[in-house]
Amino acid sequence: MTEDRRALMNTSLIHDGRVVHLSVDTVRFPDGSVGELELVRHRGASAVLPVLGSEHDADPEILLVRQYRYAAGGDIYEVPAGIIEPGETWEECAERELEEEAGVCAGRLVKLTTIHTTPGFTNEEIHLYAAFDLVPGRARADDDEFLEVVRLPLSRILEMVRAGEITDGKTLVTILYGARFLLRDGGAR
């Protein structure tokens, strides 16, 4: 997460929370004008597409979590994901979240890409991975996490994407990126 320090003239902290930090920044825009922008600063996160079997399988099974999200108005489908902890690498964050939320550990982790979630008002980046050669681990949900692990074939997950049943942005990008560039178009060769 990089900030253009040349543009930042002043920052006023409005809220310093457990997950996000809200400020009003005075910035110099590329044309030289000056204005105020609200910015939500976030440590960043990792997200993981847990693949059962091989990336060469015609229709590999994927683990998703069905998780209660207050802001979304109820349960939604997501890939395991979470905020990076101090001292962790992005890969370590991905591995930790995979075990905590899905109860499995990756034998092999493959970097997919990095996304900016909503660059109009937050600096949050999420580092996306795919996990293979999964072995049982120990699930440990946080006190505010209410989730269920769901095992589905990629073809069904892609149908859910098309039908609008999966709406979480990081999950959509992770699934579609993985299906297109890693899992051979979800078996559609």
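This is a predicted model: local features need pLDDT of at least 70, side-chain atom pairs count only at pLDDT 80 or more; totals for chains, interfaces and linings use all residues.
Local features need pLDDT of at least 70, side-chain atom pairs count only at pLDDT 80 or more, and totals for chains, interfaces and linings use all residues. Residues are numbered from 1 along each chain as its sequence is written, and side-chain values use heavy atoms, with hydrogens and water left out.

User: How many salt bridges does the count come to?
Analyst: A salt bridge is a side-chain nitrogen of Lys or Arg within 4 Å of a carboxyl oxygen of Asp or Glu. By this rule, the number of salt bridges is 14.

User: With which residue does Asp25 form a salt bridge?
Analyst: Asp25 lies in strand β2 (residues 20–28), and its partner lies in strand β3 (residues 34–42), 16 residues apart, so that the pair links distant parts of the chain. Strands (E, at least two residues) and helices (H or I, at least four) are DSSP runs, numbered from the N terminus. The closest N and O atoms are 2.8 Å apart, and the partner is Arg41.

User: Are Asp25 and Arg41 buried or exposed?
Analyst: Buried means under 20% relative accessible area, exposed over 50%, and partly exposed in between (1.4 Å probe, protein chains only). By these limits, both Asp25 and Arg41 are buried.

User: Which residue in β6 is the bridge partner of Tyr68?
Analyst: Two strands pair if DSSP finds at least two bridges between them. Strand β5 (residues 61–69) and strand β6 (residues 74–78) pair in the antiparallel sense over 5 bridges. In β6, the partner of Tyr68 is Asp75.

User: Which residue in the turn between β5 and β6 has a positive phi?
Analyst: β5 and β6 form a hairpin, with 4 residues between them. In the turn, a positive phi of about 85 degrees belongs to Gly73.

User: What is the relative accessibility of Cys105?
Analyst: Cys93 is buried, with a relative accessible area of 0%. Cys105 counts as partly exposed, because its relative accessibility is 23%.
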